[in-house]
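Have a look at the model with me, and then I will go through what I looked up.

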Amino acid sequence: QVQLVESGGGLVQPEGSLRLSCAASGSIFSIYNMGWYRQAPGKQRELVAWISTGGNTRYADSVKGRFTISRDNAKRTVYLQMNTLKAEDTAVYYCNAAITTGEIMGRYWGQGTQVTVSS
């Protein structure tokens, strides 16, 4: 089995920073693309940032210049550094990864971590 476990969420004031982490564990053969999504109350889940195995990245327009995604392949971990946070960044943040276990590739989700931006 594969598990993705997020950490680092919490309550932060506007203009503050948080760093999210997501560690993969289990019977993993390879990890490919990894990403962060978020879902605010009453809204659909949306892509925040994505990173390939080679380090290519993509960001939602709303977070460009403020968020940075990175990964440590040896630790099987993806990070999301969030700076200059705004109230509209409040959401549950989910980690997602494309992982092969043997010959089977699947997309896996973490349980989510709450980020609340409020004064």
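Predicted model: local features only at pLDDT ≥ 70, side-chain atom pairs only at ≥ 80, totals over all residues.

**Entry: the disulfide**

I began with the cysteines and counted 1 disulfide, taking a disulfide as a pair of cysteine sulfur atoms within 2.5 Å.

Residues are numbered from 1 along each chain as its sequence is written, and side-chain values use heavy atoms, with hydrogens and water left out.

Which cysteines form the disulfide? I found C22 and C95, with their sulfur atoms 2.1 Å apart. C22 sits in strand β3 (residues 18-26) and C95 in strand β9 (residues 91-101), so the pair links distant parts of the chain, 73 residues apart. My strands are DSSP runs (E, at least two residues), numbered from the N terminus. I also checked the handedness: the link of C22 and C95 is left-handed, with -80° about the S-S bond.

Are these cysteines buried or exposed? I call a residue buried under 20% relative accessible area, exposed over 50%, and partly exposed in between (1.4 Å probe, protein chains only). C22 is buried because its relative accessibility is 0%, and C95 is buried at 0% too.

**Entry: a sheet around β3**

Next I followed β3 into its sheet. I found an open sheet of 4 strands, in the order β1-β3-β8-β7, with antiparallel pairing; two strands pair if DSSP finds at least two bridges between them. At the edges are β1 (2-7) and β7 (67-72), each of which pairs on one side only. From one strand to the next, the twist averages 15°, with axes taken as lines fitted to C-alpha atoms and angles running from 0 to 180 degrees between N-to-C directions.

I then looked at one pairing more carefully. β1 and β3 run antiparallel and are joined by 6 bridges. L4 stands opposite A24 in β3.

**Entry: the salt bridges**

How many salt bridges are there? I counted 4, using a side-chain nitrogen of Lys or Arg within 4 Å of a carboxyl oxygen of Asp or Glu.

I started from R38, whose side chain meets that of E46 in a salt bridge (2.7 Å, N to O). R38 is buried because its relative accessibility is 6%, while E46, at 35%, is partly exposed.

R38 also forms a salt bridge with D89 (2.9 Å, N to O). D89 lies in the loop between β8 (77-82) and β9, and R38 in strand β4 (residues 30-39), so this pair ties together parts that are 51 residues apart in sequence. With a relative accessible area of 1%, D89 is buried.

R66 lies in the loop between β6 (57-59) and β7, and D89 in the loop between β8 and β9, so the two tie together parts 23 residues apart in sequence. R66 is buried at 10% relative accessibility.
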